Amino acid sequence: MHNYKTDYHVHPNYSIDASAATIKDFCHKALALKLREICFCTHIELDPERKAKDNFVRLNGVKHSVYKLNWLDSYFREITQAQTEFKESGLKIKAGVEIGYCPGEENYIEKIVNNYPFDFVMGAIHCLDHLSISSKKESPYYFKSRSAATVREEYFAVLMEAVKTNLFDCIAHIDLYRRYGVQFLGVNAYTLHRGAIEPVFKEMEKREMGIEINTSSRRRGLKEFHPTKEILDLAIKSGIKVFTVGSDAHSLDELGEGLDEALSLLHDKNASNYVFDRRKPVPCSTAGKKLTRTS
Ligand SMILES: [Zn+2]
Ligand SMILES: [Zn+2]
C-alpha cells in the first residue's frame, strides 16, 4: 500500500533493554517486511544521578559504559558493513541515536553527536526528577505522588528545554507520559498537553524539528499511537512538516509493527513521512523518486 515504508526507531543489541538481535538480523527482517529504510536508534542515557542504572550500552554482549565512546566506533562499523552487504537489495540503512534528554548534559550530547556521522538524532524525555517514566516498574514512583497539573508542568518544561538546545532532529514519542501515566491520571492524561504543547510546537517549527509517530503504545495496550491524533493535529496546525514513523522495536518480532497504519494516518492528514540523510530531512516522496532514478 505505501510504496516507501520506513522504520526510524529500532533498537539493536547495543541497547541494554533490547534483545540479542543484531543490526544485520534487523536488516534481514526489514527486507522480508519490504521496508525501504531502517534507522537504528540506540539509547544514550546520560543522567549522572542514574549512572549506576541507565548509563550503559551493550558491546559484544557485555554491559559497557555509555561514556567509553569506543562502542560508537563498533556501532558505526557494523552499520557501514550492513550498508555494504545490503546495498544491492535496495534497503537503506541509517545510523541514528535516541538520546534521553537530561538537563545539564548538553555538552556531552554535543560531543557525541558532533563526533560521529549520525544520520538521525532523536531526543526523548524518559526521566523526570531522575525517575524513569518509560519503565513499568519505576514509573509509579513518579506518578503516584503527582497531580496531572504537576506532570504537565514538569514534562513540558523539560521538553521545551530539550527543544531549545537545538541538538535534536526529531522528538520521539512526544506524549510518553501517557504510557504509564494513564493508570494514575485517568482521562487527564489525554488532555494535559492542552495549552502546554502549542508553545513547544512553535519552537520546534522554527527549528524545522520533526515529530515521530511511535507505534509502541499499541504493545502496551494504548489505543492511539504516540502522539494522539489530537496532538498530531495541533502539530500540523503549528506548521510542523517533518514526521517520521517508528516501531521502537526492541526485538525482531516488533520491527515494522503498526507502521502501515501510522503512514495512513499521515497520509490522511496530508502530512509527509520523512527520512534523514546526515541529519538532513528528506520527504519520502523525494527519497523514493531518487531511488527509482538511480536504480
Ligand atoms: Zn524512548
Ligand atoms: Zn526507543
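First, some notes on reading the model. This is a predicted model, in which local features need pLDDT of at least 70 and side-chain atom pairs count only at pLDDT 80 or more, while totals for chains, interfaces and linings use all residues. Residues are numbered from 1 along each chain as its sequence is written, chains are lettered from A and ligands numbered from 1 in the order in which they are written, and side-chain values use heavy atoms, with hydrogens and water left out.

## The two zinc ions

Let us start with the zinc ion (ligand 1). Its protein donors are Glu98 (OE), His126 (NE2) and His173 (NE2), at 2.0 to 2.2 Å. Donors here are N, O and S atoms within 2.8 Å of the metal (3.2 Å for Na, K and Ca); water is not among the atoms, so sites may look incomplete. Along the sequence, the spacing of these donor residues reads E-x27-H-x46-H. Glu98 in strand β5 (residues 92-100) and His126 in the loop between β6 (120-124) and β7 (127-128) are 28 residues apart, and the pair links distant parts of the chain. Helices (H or I, at least four residues) and strands (E, at least two) are DSSP runs, numbered from the N terminus.

Are Glu98 and His126 buried or exposed? Glu98 is buried, at 0% relative accessibility, and His126 is buried with a relative accessible area of 6%. Buried means under 20% relative accessible area, exposed over 50%, and partly exposed in between (1.4 Å probe, protein chains only).

The zinc ion (ligand 2) is coordinated by His9 (NE2), His11 (NE2), Glu98 (OE) and Asp248 (OD), at 2.1 to 2.3 Å. Its donors follow the spacing H-x1-H-x86-E-x149-D. His9 and His11 are both buried. Why is the arrangement around the zinc ion (ligand 2) irregular? The angles subtended by its four donor atoms run from 80 to 167°, and therefore the arrangement is irregular. Four donors count as tetrahedral if all angles lie between 85 and 135 degrees; four count as square planar and six as octahedral if opposite donors are over 155 degrees apart and all others between 65 and 115; anything else is irregular.

What joins the two sites? Glu98 coordinates both zinc ions, which are 3.5 Å apart.

## Salt bridges

Searching the whole structure gives 18 salt bridges, each a side-chain nitrogen of Lys or Arg within 4 Å of a carboxyl oxygen of Asp or Glu. Three of them are set out here.

| Pair | N to O distance | Relative accessible area |
|---|---|---|
| Arg194 and Glu230 | 2.7 Å | Arg194 44%, Glu230 32% |
| Arg219 and Glu254 | 3.4 Å | Arg219 27%, Glu254 16% |

Asp277 lies in strand β12 (residues 272-277) and Lys94 in strand β5, so the pair ties together parts that are 183 residues apart in sequence.

Arg194 forms a salt bridge with Glu230. The pair links distant parts of the chain, 36 residues apart: Arg194 is in the loop between α6 (177-185) and α7 (197-206), and Glu230 is in helix α8 (residues 229-237). Arg194 is partly exposed, and Glu230 is partly exposed too.

In the pair of Arg219 and Glu254, Arg219 is partly exposed and Glu254 is buried. Beyond these pairs, a network of salt bridges links Arg50, Lys53, Asp54 and Glu138.

## The largest pocket

The largest pocket holds about 510 Å³ of space. Of its 24 lining residues, those closest to its centre are Asp17, His43, Ser132, Ser134 and His250. A pocket, on a 1 Å grid over the protein atoms alone, is an open set of points where a 1.4 Å probe fits, with protein on both sides within 12 Å along at least five of seven lines; lining residues have an atom within 4 Å of a point. The volume is the space filled by probe spheres set on the points, and grid points are joined across faces, edges and corners.

β2 (37-45) and α6 each supply at least two residues of the lining.
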